[in-house]
Amino acid sequence: MHVRFKAVFFSLALLVATAARSGTFSLNWSTDKEPVSYRPGDAMTFRLQLIEDGKPAAGKTLKWVRSGDDGQTAKGEATTAEAQPVEIKTSSDKPGFVRIEVGVFNADGTALKDGNNNPLKFEGGAGVNPSTLEGAAEPADFDAFWKAQKARLAAVPLKASLAEVASKNPDFQVYDVKVDCLGGKPVSGYLSVPKNAQAKSLPAQVSFLGYGVCGANQEFRGGALVFQINAHGIENGREPEYYKALQDGVLKGYAFNGEENAKPETAYFNGMMLRVMRALEYVKSRPEWDGKTLIVSGGSQGGLQAINAAALDANVTQCFAYKPWCGDLGGITFGRIRGWRPDYTDGLAYYDIVNQAKRITCETFVNTGLGDYVCPPSSVSALYNNLRGPKTIEYIQGSTHGYDPPNPVKQKISTK
């Protein structure tokens, strides 16, 4: 398969937000090559320059920690200077990612603050041959398991109840929708329908939410039918106390129960993915759907759901999974840095997005932060490598799970 680089790095330098007032600090940083272009044994150089009010600043202490999928660790510190940036040099002999974490400190040991009064830091890294990363072996009965789950779901009639609610967009009608499903909970979300839509006239999109306990949001896309569902089949549009009670009660730490996760049938993700499949079935039953375009999207846990959706429904035509969660769960057995996620079990392997990717043939876009160790870049790379259709991955330097720097360096790889 032919792969080419797109959006080549902008001279490798990324300028973090420039100073807007006196005493505002930022970090400029770069790598000596494109961040995910290294090979085993290559020297890697990270260059960091402290900036105060747009000019190089001296006399602050920069402390750094290096870790990586190769199991190697190192740390050090240096004093910033005006004449030249601080350089951190490392390498890795193993395919995977090197993680670099940097903080900047005053003489009294307190953290130097950025323009938003947050500790000034850099969290990023670099990749070594990420195109070779693979996940752990998938269960032998993977496809048989999902065939059985679809049969279970098919036994439940596709029955929906709709209640129109006030729309936040005057061009759409919005409905609070409940669809009967397995798993003890219905599909629950908001459906946005362009006003005066004709039969078979609209593409459709189903979108999913990240980890947490909340209702769905109203989501709009011009000229499209959009169905956003919450992850738990709970009520939408309720008061904050309702969601807090669930978060502190029956949904506390959901999906992290090792006993439940030992078997795929009892894992929390089972009910979640049954609702994902039923949501797609419902949207396809809508008279407005054009019968052609079906898009799935989501970030983090929403990305986990979007990848499972694209794998489990052959009608999906595009998938957008932003920093997707729960990939390469068995990667820890190869020594890779583990992210924030449930412990690896045989039962969870049926939901692992790296395994599901092998069943996806539609056009798929994924991205990952090189400083994201909730959903590590190794996991998203292994997912990307398994995708079977047209695909694009975007690596974002200096990006963590909840943060993208302004004007970031992005390295994009695509088969499109």
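**Close-up views of a predicted model**

**View 1. Lys185 and its loop.** At 40% relative accessibility, Lys185 is partly exposed. That label covers values between two limits: buried is under 20% relative accessible area and exposed is over 50%, with a 1.4 Å probe and protein chains only. Lys185 is in the loop between β12 (172-179) and β13 (187-194). Helices (H or I, at least four residues) and strands (E, at least two) are DSSP runs, numbered from the N terminus. Residues are numbered from 1 along each chain as its sequence is written, and side-chain values use heavy atoms, with hydrogens and water left out.

**View 2. Helix α5, residues 301-312.** The helix has 12 residues, and at 1.5 Å a residue it should span 16 Å. The expected span is 1.5 Å times one less than the number of residues. The end C-alpha atoms are 16 Å apart, which agrees. Of the 12 residues of α5, 12 are buried, so the helix is largely enclosed by the rest of the structure. Among them are Gln301, Leu304, Ile307, Asn308 and Leu312.

**View 3. Aromatic pairs.** The structure holds 22 aromatic pairs. Rings of Phe, Tyr and Trp (its six-membered ring) pair if their centres lie within 6.5 Å; planes under 30 degrees apart are stacked, over 60 edge-to-face, and the rest tilted. Tyr211 and Trp340 pair edge-to-face, at 5.2 Å centre to centre and 90 degrees between the planes. Tyr211 lies in the loop between β14 (202-208) and β15 (225-229), and Trp340 in the loop between β17 (318-322) and α6 (353-356), so the pair ties together parts 129 residues apart in sequence. Tyr211 is partly exposed at 29%. Trp340 is also partly exposed, at 40%. Phe269 and Trp325 have ring centres 5.9 Å apart and planes at 85 degrees, so this pair is edge-to-face. Phe269 is in helix α4 (residues 268-285) and Trp325 in the loop between β17 and α6, 56 residues apart. Phe269 is buried at 2%, and Trp325 is buried at 1%. Ring pairs link a cluster that includes Phe142, Trp146, Tyr211, Phe269, Trp325 and Trp340.

**View 4. Lysines over rings.** The charged end of Lys63 sits over the ring of Phe105, 5.0 Å from its centre. Lys391 has its charged end over the ring of Tyr384, 4.6 Å from the centre. The test is NZ of Lys or CZ of Arg within 6 Å of the ring centre and within 35 degrees of the ring normal.

**View 5. Two residues with positive phi.** Most residues other than glycine have a negative phi. Asn129, not a glycine, has a positive phi of about 45 degrees. Asn129 lies in the loop between β10 (121-128) and α1 (142-154) and is partly exposed at 25%. Ala255, also not a glycine, has a positive phi of about 75 degrees. Ala255 is in the loop between α2 (240-248) and α3 (258-261) and is buried at 2%.

Methods. Predicted model: local features only at pLDDT ≥ 70, side-chain atom pairs only at ≥ 80, totals over all residues.
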